[in-house]
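I would ask everyone to look at the model on the screen while I go through two of its contacts.

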There are 2 protein chains.
Amino acid sequence: MYESYWQKKGDETTVVIPGWQFMSYFSDATRLCWFLEPEFAEQIVRLHNVVGNAVTENRHIVVGTGSTQLFQAALYALSPCAEAEPISVVSAAPYYSSYPLITDCLKSRLYKWAGDARSFSKNGPYIELVTSPNNPDGFARRSVVNGSEGILIHDLAYYWPQYTPISSPANYDLMLFTVSKSTGHAGMRIGWALVKDEDVARKMTKYIEINTIGVSKDSQVRAAKVLKVISDNSEGPNEGDSFFEFSYRVMAKRWKQLREAVQQSGLFSVSDFPPQLCMFLNRVFEPQPAFAWIKCEGDIDNCESFLRGKKILTRGGKHFGVSPKYVRISMLDRDKNYETFVRRLSTIRS
Amino acid sequence: MYESYWQKKGDETTVVIPGWQFMSYFSDATRLCWFLEPEFAEQIVRLHNVVGNAVTENRHIVVGTGSTQLFQAALYALSPCAEAEPISVVSAAPYYSSYPLITDCLKSRLYKWAGDARSFSKNGPYIELVTSPNNPDGFARRSVVNGSEGILIHDLAYYWPQYTPISSPANYDLMLFTVSKSTGHAGMRIGWALVKDEDVARKMTKYIEINTIGVSKDSQVRAAKVLKVISDNSEGPNEGDSFFEFSYRVMAKRWKQLREAVQQSGLFSVSDFPPQLCMFLNRVFEPQPAFAWIKCEGDIDNCESFLRGKKILTRGGKHFGVSPKYVRISMLDRDKNYETFVRRLSTIRS
């Protein structure tokens with residue numbers, strides 16, 4: 001979906017890397033996160049300030065090979081070392097389907113997946129993942145466990161103005177972001193964490209050192225360039241042509257098409273979202289999430305297999321800890337594929 | 001050390017990446033390792049064929065964020081799932097100091113570090129790491145555990161002609177390589193595995209999917225370019241100016257300087273290595289490892305702290321599972337730093 005925007009921008013975001021540059025493991029040995037490229041760090045702070053979606057003051061930046069690696073770095077950093085039992089990791093259902101897989105992948109004695117945060121009632125310390133806007137259902141979220149020893153990780157991958165109104169700068173202890181969802185460059189494998197506590201940031205850096213000895217310099221350099229162009233265009237005279245204006249318009253159009261298709265078919269439902277003022281776009285709008293979270297109404301129990309029969313590939317609710325009556329579909333596919341999807345959906349009858 | 005070569009090569013290894021390219025998670029969805037760039041895969045096979053250091057026929061290539069990530073992917077893939085007890089991971093001392101740290105980082109129930117392979121005698125399955133030439137001591141190695149249920153991982157990061165004579169193509173089940181040691185581009189964070197068993201390759205790919213959802217496309221594209229230039233120059237009319245001729249000469253010079261400094265001082269010793277014919281360089285020479293593995297002779301018990309007092313920073317033997325009378329020093333530093341090191345070493349007297 002974002003490809004056509006970057007094509008239109010032409011050479012503005014092209015990077016040129018000579019063979020003798022960025023050869024070292026180190027980016028800046030004096031920094032806490034010694035493998036973070038200074039120019040990338042600068043552009044992260046600038047973009048958050050331009051968009052107003054996160055507080056960067058008094059935060060350490062840790063770069064990761066996507067926010068997936070940063071999530072694991074956070075689990076490593078936040079797990080109590082001396083505990084006999086692994087710390088419980090929870091998130092309110094429906095939750096991002098990769099969280100349980102990642103958490104339990106190596107059967108760690110440090111932490112373990114403990115499922116839906118809403119039904120979690122164990123005493124003692126726990127880690128709660130708060131994804132806001134949420135993947136898969138798009139709703140804004142706050143922590144739900146009512147414990148005194150909770151440690152929160154805020155996954156803010158979708159807290160950008162093409163998906164949801166930016167009401168105020170997020171101001172949490174540990175916040176995760178990624179270029180794959182903000183700019184569309186999933187292939188770079190670049191994410192970043194804004195971390196308040198120095199010791200936590202240091203341990204996250206340690207994890208990434210042990211896991212991959214840092215993060216691709218080439219992709220950091222390229223990500224810096226892309227972020228810079230986004231900030232430049234958001235502030236400049238061609239503001240109407242900015243990345244977020246473009247992507248906001250595409251998402252608005254797609255959500256309109258989706259709601260029409262759902263209505264035409266009559267077999268499905270999607271949530272309504274309360275409209276809010278976006279301080280960045282200076283406009284009131286309803287959230288238009290990166291995923292459609294669709295419910296099959298009536299007698300259809302397994303929505304995923306029902307839609308597969310109609311040549312629509314989705315991911316079923318059980319992966320997200322809820323009923324198979326729900327499915328998740330990406331709203332970010334290429335134009336042509338998206339058109340095919342809504343056309344097929346609109347023609348499904350019982 | 002390699003920087004000056006790549007500077008001399010100028011634009012030959014420069015990459016240009018427009019903003020709209022390599023945006024997807026996928027490189028080639030039809031491939032087992034779906035995030036491996038086809039051009040990089042091609043250049044890996046070509047370089048191994050040119051150098052003759054590894055068999056690539058009937059092998060699956062898995063790309064990783066450095067060989068560090070591939071080592072973890074291999075542990076994940078080779079650990080028996082159903083075992084009650086973690087599988088033991090061993091390597092003959094002195095072993096690469098990061099192996100125990102990586103293996104035990106998350107206190108996995110799948111595998112655990114079990115120390116020096118030479119003193120390992122437990123029955124049942126185990127994983128043995130064979131690093132050849134070895135980090136830290138530079139010797140060629142074979143597996144040492146005499147068990148029937150051993151699974152081997154061959155770390156061949158240093159099996160390149162600037163470090164050791166290439167006697168024959170390595171032909172093992174699971175072989176790890178990395179650009180950081182072959183071409184000097186540590187900042188790319190790119191490694192690759194050559195894997196015989198399809199199921200193992202598939203599980204390694206799965207681990208990298210869960211850990212980082214693939215590997216930076218930008219760095220793969222850049223690595224492909226660098227490998228291509230090395231192959232081109234090794235085969236072309238300017239063979240004398242090839243990367244491996246250059247790096248062989250630098251290493252030969254540095255090892256000559258090191259041996260002179262050790263002799264002048266009289267307080268230290270380094271190993272002699274048997275000369276062998278290198279089929280690639282068509283020349284008989286002694287291995288000239290990427291690290292100097294130095295022993296403090298006489299009364300000095302802690303060589304690391306002794307040398308720190310002489311302003312030489314090293315890593316002590318205990319990190320590698322052996323006596324603190326040994327230290328490891330990189331032989332790949334920039335010219336100026338290397339000159340300083342040998343000058344300081346040569347003037348140390350008891």
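When I speak of domains, their bounds come from an automatic or database domain assignment. Please also bear in mind that this is a predicted model.

I begin within chain A. Chain A is divided into domain 1, covering 23–235, and domain 2, covering 243–346. Taken over C-alpha atoms, the centres of domain 1 of chain A and domain 2 of chain A are separated by 25 Å. To the contact, domain 1 of chain A gives 26 residues and domain 2 of chain A gives 28 residues.

The size of an interface is often given as the accessible area lost when the parts come together. Between domain 1 of chain A and domain 2 of chain A, about 2,400 Å² is buried, and 69% of it lies on carbon and sulfur atoms. Which residues in domain 1 of chain A lose the most area to domain 2 of chain A? They are A:Q162, A:Y163 and A:P165, together 26% of what that side buries.

Helix α7 of chain A, residues 217–235, packs against helix α7 of chain B, residues 217–235, at an angle of about 120°, and their axes are 7 Å apart. Angles of 65 to 115 degrees count as roughly perpendicular and those over 145 as roughly antiparallel; α7(A) and α7(B) are therefore oblique to each other. Their crossing, α7(A) with α7(B), is right-handed.

Where do α7(A) and α7(B) meet? In α7(A), the residues are A:D218, A:S219 and A:R222, and in α7(B) they are B:D218, B:S219 and B:R222. The residues of this contact comprise 4 charged, 2 polar and no nonpolar.

Thank you for your attention.

How values were computed. Residues numbered from 1 in each chain as written. Chains lettered and ligands numbered in written order. Predicted model: local features only at pLDDT ≥ 70, side-chain atom pairs only at ≥ 80, totals over all residues. Heavy atoms only, no water. Axes fitted to C-alpha atoms, helices over the stretch in contact; angles between N-to-C directions. Helix = DSSP H or I, 4+ residues; strand = E, 2+ residues; numbered from the N terminus. Parallel < 35°, antiparallel > 145°, perpendicular 65-115°, else oblique. Left-handed = near helix turned anticlockwise from the far one by under 90°. Contact = heavy atoms within 4.5 Å. Nonpolar A, V, L, I, M, F, W, Y, C, P; charged D, E, K, R; others polar. Buried area = accessible area lost by both parts, 1.4 Å probe.
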